[in-house]
Each structure stands twice: as structure tokens, then as C-alpha cells.
Amino acid sequence: MLILKKKTAKIIADLIAGNFPGCTLTEDEVFGMLEYPPDAKMGDLALPCFRLSKTLHRSPMDIAKILADGIRIDEFSSVDVAGGYLNFRIDGTAFAHRVVGDVLEKGDKYGSPMNGEGKTVVLDYSSPNVAKPFHIGHLGTTVIGHSLKLLHEFAGYKCVGINYLGDWGTQFGKLIVAYKLWGDKEKVEKGGVDELVALYVRINNEIKAEEDASVAGLPEEEKAHNKKSALGDAARAEFAKLEHNDPENIELWKWFVSVSLEEYQKTYKLLGISFDSYKGESFYTDKMPAQVQKLRDMGILEIDDGASIVNLDKYNMPVCLILKRDGTTLYPTRDIAAAVYRQQTYKFDKAIYVTSAAQSLHFAQWFKVVELMGYDWFDKLVHVPYGTVSINGAKLATRTGNVILLKDLFAEAISRVYDITKEKHPDPAECQSIAEKVGVGAIIFYYLSNNRMRDINFMMEDALSFDGNTGPYAQYTYARTCSVLEKAGASYEMTDAPLAQPEFELAKVLSRFPERIEDAIEQYEPSLVTRYILDLCAAYNGFYHDCKILTCEDEKLKSSRIALTAATSRVLKTALTLICMQTPEKI
């Protein structure tokens, strides 16, 4: 449809230039006005001429009549005027012939806008905090981020996927104190991240208990400013030692990172995700001083109650903290240093950060600081936020242990699929392979089904449901196309055999794939691809049930229907891959 819309837009732009002297509209402007009618009875494509009336100084109906007389495109069976609308009806057979031929010719490149050639995109996503569990709250940044990477690669960009590990910060002071007080090396080696999390939860509970005890009996309004904890002070001291390269703390810290990465890699393997860089926050510790000094030299850095800040009042934002009173760094300091390093290293055209919407202010602040520092690439920094995840309405919190671990979630999904498929696939290895692809895919699809900004109240039963518009339904539809093609065997092509409405509807949905890809990249919105997949599955399954394919007695029509199936299979495979899902040929 994208090709037909562009062709139509160019003809209309030329007609306007020829029929309305002094009035010109670009092809892109006309393209933006074309729309799909809400009712198929009105046509397949429409141009509302009301917006043109003021520019062209004619009534919408007059404009529509003048344009209708000049449009000649083989794929349109009719061009009609209805009020101020110009409605186009498509010749289904000619249109399907062109669309399917285009899909089969371009193969896995069909739908790619290829507008990223020669450009580099750096994507910062997933980035779990070391020594904390990989839980459902990390799924958003991980699958949204990787899908955006795949989409940009599909468009021709050179992409650098960075896992900016949270391997630095005051939480390591807490963990070091907890390990020195209660830790056991053998238990950590056996329990891995789970044991580190238990230590982290314990020390947070102990710190809270000390703080609560320190303000017992005080008026409520005085409590917040008078809380004290010896363990909290010890944790801050241990982190300060870590920042000053204390050998014992550095050794412990490296071990915590190693234990965590080993666990994370298991999840990434299930998701089929790999990264080009695992440089975490710690990598930039020796790169931060130069950026802090640059801020001082430019007169941007101010001292406020002992802390070093950048005042952003004139930009309607709170101050951006660069250094704490004790001289230790914060997230903005590290993010600025990381951005400078990445620009110097990769010369990016875009740097995309995929994090929770709760961090939107943080990114707005340090993006502004980068601009104030005079870096001319500040406008290439892009924050892609997403909504929060709760469990049955309760906020996720590692320190209290209120999380669903991804490894547990995936294990449950895989187990359920295995139980469903073992009767059809008696071979345990084959059944396990299918269960992993479908089970993990169900979770991914569930998460990416809605706009990324929508908050998700995670319900296990909904996520693992295999009925309705789900991941398993999409994968099953793909497997169905593979089965048809396997049985068809012989060569196939689109012929001039007249097509019915279900075939035309399927061709229309196939034609919209390039548009959905462009929209998904422009809006940083993988859910547009997910929703497209459901549209394509619905169109194919409607065609499959209404039209004989392999048993069709008309050989020319049979060939066209097999070709339609092949085109659907190709586009479904591409679309599913772009949202991080695998495509089993049998389920």
C-alpha cells in the first residue's frame, strides 16, 4: 500500500500544480493527507479535500472532481467523488499481483525503508543492576530495546547494542557491608544472584529498622530529617572506599559482577539477545573527572550545601546533581561521561536510551547539561520511556523481595507449553525446543502487545494464556503457512486468475507492512509491529478458512493462493523476528 500511496500522492501533487496556478503541495504533504476509510464500502483509500479548500480557494467537492478526472492508475478500479472526499477503489487482482510479487522478490528485505544506510545508532537497554535479580521489571527495557535495535538494523542502520550494567553505586556499599557481616562464599557460589539478593534485602531491612528506631517518639514532621543508621553510614563508607580503589572492596565487587553476569546470560540466551558491549557504569569512573572539570571551567558547576550542581531553574527543571557532598559521583555524572565516550568511539547519529518513564526527568536534566556543555550532538540523544510494571497492583521492589523473576516466569511458560505439545510431539528434544520458543514468545508478545507507555499490572494467567490474540496464536499461524507450503511442494506464482475478497484483504494487509515498519521506527514503538502481526494473522486465517488452497481445482487460482501463503509466511517471519520472537515451523 505504501508504494500505491506514494504513486497516488505524486500524481495528485502534479495535478494540483497543473490545475491550480500558484498553489503547490509536495508529494509528502499529499501523502500525509491520504487515509484509509473506516468502512470498506467507502473505498480502499481516500483523500479528504477539506484541508485543500483554503489553500486552493475552491470547494472541497470541486477540488475532488478536478482531481478525479486526472487520476489514471491501473491498480484503481474506480476513483469516485463523495462530498468532499476522493475515494479510490483498488482492483484486487492487479493489486495483489504487484504486492505478492514485491514480497517474493524482496524476501526478507520486504518492508525495509533502508533509510539508515551509512548511519550509526547506539542503543542503551536492558542494563540490570548487578547483584540484583533479573525480574519482570527488566523485561520492558530488554525486549523494547532489542526490538528497536532489530528495527533499526532492518532499516539499514549500523547498530551498537550496549548493556550499560548497573555495576556501580551506593548499593555496592550496602552489599559489601552485608557480605562482610553475614555472607558466606560457598553459599554465594552455590546460590548465585539469589544469595546476593538475600543479603541485599536483609541489609535494607536492617537499615530501615535502625532508622525507624532512631526517630521513635519524634513528631511525624521531624522523622524524615532525623533518621540515622550505623549500617547506612557503614555502607556509604564502603562505597567511598570502593571509589578510591580499596583492593579488598574491588575484589569483592568484581566477584559480585561475575556472579551476576553468569546468571543474566541464561536469560539473554532464552531471549536470543546478545550485546556488542557490556561496559557498565564502572567503566566510566576514570572518564568522569574530565567532564566535571569541563563544567567547572565553563562556570556551569555551582556549589550548593557542599554538593556540586548544575542549576536548571531557567529550564523549569530541578538542579542536576553532579557530585555529592563527599565528592562521590551520581547517575548524571556517569551518564554524561558515557555519552561523550560513545560519541567519540562510535560517532553515532542517534543514541537511544530505553528506560522506565520514571527516569524521564533524569534524562531531560542530563541531556540539557550536555547541551549547556556545548556538545553539538546533544540533539541526537533520545530517551525512549515505557510504563511501569506492578504485580497484582503492588509496585516492584528488590529491597522488599516483591518481584517475579524472569527465569521463574519463563520456566513456568515453557513447562505449560511442554505439557500441551508433548502428545503431538513425542520426541522430548523436539517438544522442549518448541516449548522454549512458544513459551518465551508468549511472554514477549504479551508485553509488546500494548503501547510502551501503558502501565502493566502483570497477571501471570493473562501472560501465559494461549487463547485469543497471543504470541502462540501468531506463531501457530506462521507454522500453518509453513505446513501449506511444505505440502504444496511445486513452484508457484501470482497469475491473472480473478481473486475474491478474502484474498484481496490479505494482499492489502501485506501491503501495509512497510508503513508499519516506518511508523514503528519513527515512534520507537514495537507494539505497532505486534498489532500488525495480529492483523496479518486474522487476514490469513480468514483467507485460509474461506478459500481452498491445495484442493483448489483451478490451477491458476491455486498457484496464486499458494503464492499469497508464501508471501504471508515471509512477512510473518520477518515481523515476528523484529519483536524478538522465534518462528517454529511446527507447533
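For these notes, two rings of Phe, Tyr or Trp pair if their centres lie within 6.5 Å. I'm working on a predicted model, and with that cut-off I get 29 aromatic pairs in the structure.

**Tyr179 and Phe256**

I looked up this pair first. The rings sit edge-to-face, with 6.1 Å centre to centre and 75° between the planes. I then checked where the partners come from: Tyr179 is in helix α7 (residues 170-182) and Phe256 is in helix α12 (residues 247-271). They are 77 residues apart, so I noted this as a pair linking distant parts of the chain, going by the helix runs.

Next, are they buried or exposed? Tyr179 comes out at 15% relative accessibility, and because the cut-off for buried is under 20%, I put it down as buried. Phe256 is buried as well, with a relative accessible area of 0%.

**Phe283 and Tyr284**

I went on to another edge-to-face pair, Phe283 with Tyr284, at 5.0 Å centre to centre and 85° between the planes. Here I found Phe283 partly exposed, with a relative accessible area of 27%, whereas Tyr284 is buried at 1%.

**A cluster**

Which residues form one aromatic cluster? I listed Tyr125, Phe134, Tyr264, Tyr268, Phe275 and Tyr278.

**Charges over rings**

Arg512 lies over the face of Tyr36, at 4.5 Å from the ring centre.

Methods: Residues are numbered from 1 along each chain as its sequence is written. This is a predicted model: local features need pLDDT of at least 70, side-chain atom pairs count only at pLDDT 80 or more; totals for chains, interfaces and linings use all residues. Side-chain values use heavy atoms; hydrogens and water are left out. Rings of Phe, Tyr and Trp (its six-membered ring) pair if their centres lie within 6.5 Å; planes under 30 degrees apart count as stacked, over 60 as edge-to-face and the rest as tilted. Helices (H or I, at least four residues) and strands (E, at least two) are DSSP runs, numbered from the N terminus. Buried means under 20% relative accessible area, exposed over 50%, partly exposed in between (1.4 Å probe, protein chains only). A charge sits over a ring if NZ of Lys or CZ of Arg is within 6 Å of the ring centre and within 35 degrees of the ring normal.
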